Amino acid sequence: MSMRIRTSALTALAVAALAAGTVLTAPAAGAATKAAAPKFLSASQLPPHPTSSWTAGPVTEGFPEALGVCVSTEGVLDWDYRHREFRTDLDTNAVQLTVVTGSAGQAKALAKHYDDLIRTCADRLEAASPDVDAEGRDFGTLPVEEGAHVRGVNTETSWGATDVALLSVGRDGRTVTVVQWGQMGDFTGAPVAAFKKTTTTAVNKLY
């Protein structure tokens, strides 16, 4: 999904994300000890686009709306969320989220939670709307820091719109990062190898 799936499908995706329902126990918001803020990807570290360069937006506080299709904050306490969005001149975009938790154990649980949401995303999208046909794929794990997992989701609507997204979850200590790349089309045009490289860079670059 370029995460611009048309209106009725997008509504269905948001509902599906909220339905995930896994609750992570953690201290009250703000209880985590402040540390150096994790670093973000630069535009040049995204999978190369064949005809357009990437532009990076500013690092912004909060949870990015673009991730709400498969990943949400439902059932998760308000940790230190920051994100950066990226775009090309065409219908391709990306976003990176970082979440600083209170401990390595809490980050491990949060990373699993996010990975579970991505793993079940296609099924939830289909369950939420008869207009959406979705397929999820597992592209495996990466040996970086405390690990990362790469997956993909492809959707097709009843009116013919097709979108594909690559998503990854990685962890370094008590910090979790989620990276998403999306565009119109299907898996045949998805740069899986380049996205794995981007994910490895994203996790390594946190600290």
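The paragraphs below lead through a predicted model, from its overall fold to its ring pairs, its salt bridges and its surface charge.

The protein chain holds four helices and eight strands, and, read from the N terminus on, its elements follow the order α-β-β-β-β-α-α-β-β-β-β-α. Of the 207 residues in the chain, 49% count as buried.

Because F63 sits in the loop between strand 2 (60-61) and strand 3 (80-87) while Y81 belongs to strand 3, the contact ties together parts that are 18 residues apart in sequence. The two partners can also be placed by their accessibility: F63, at 23% relative accessibility, counts as partly exposed, whereas Y81, with a relative accessible area of 6%, is buried. F139 and F187 form an aromatic pair that is likewise edge-to-face, with 6.0 Å from centre to centre and 70 degrees between the planes. Here F139 is part of strand 5 and F187 is in the loop between strand 8 (175-184) and helix 4 (192-205), so this pair ties together parts that are 48 residues apart in sequence; both F139 and F187 are buried.

R82 counts as buried because its relative accessibility of 16% falls under the 20% cut-off, while E61 is exposed, with a relative accessible area of 56%.

Within helix 2 (residues 104-119), D116 and K112 lie four residues apart, about one turn of the helix, and their side chains meet in a salt bridge at 2.8 Å, N to O. D116 is partly exposed at a relative accessible area of 22%, and K112 is exposed at 53%; together with R119, these two residues are linked in a network of salt bridges. The side chains of E135 and R137 also meet in a salt bridge, at 2.9 Å from N to O, and the two count as partly exposed, E135 at 35% relative accessibility and R137 at 37%.

On the surface, D123, E126, D133, E156 and D186 gather in a patch of negative charge. Of these residues, E156 lies in strand 6 (residues 148-157) and is partly exposed, with a relative accessible area of 40%.

Two loop residues complete the tour. D131, in the loop between helix 3 (121-128) and strand 5 (132-142), is partly exposed with a relative accessible area of 30%, and its C-alpha is 9.8 Å from that of G160, although the two residues are 29 apart in sequence. E145, in the loop between strand 5 and strand 6, has a phi near 45 degrees, a positive value in a residue other than glycine, and E145 is partly exposed, with a relative accessible area of 42%.

Note on methods
Residues numbered from 1 in each chain as written. Predicted model: local features only at pLDDT ≥ 70, side-chain atom pairs only at ≥ 80, totals over all residues. Heavy atoms only, no water. Patch = residues over 30% accessible without salt bridge, like charges linked within 9 Å, V, L, I, M, F, W, Y side chains within 5 Å. Areas by Shrake-Rupley, 256 points an atom, 1.4 Å probe, with all protein chains shown as cover. Salt bridge = Lys/Arg side-chain N within 4 Å of Asp/Glu carboxyl O. Lys, Arg positive; Asp, Glu negative; His and termini not counted. Charge placed at Lys NZ, Arg CZ, Asp CG, Glu CD. Buried < 20%, exposed > 50% of the residue type's maximum accessible area, 1.4 Å probe, protein only. Phe/Tyr/Trp six-rings, centres within 6.5 Å; stacked < 30°, edge-to-face > 60°.
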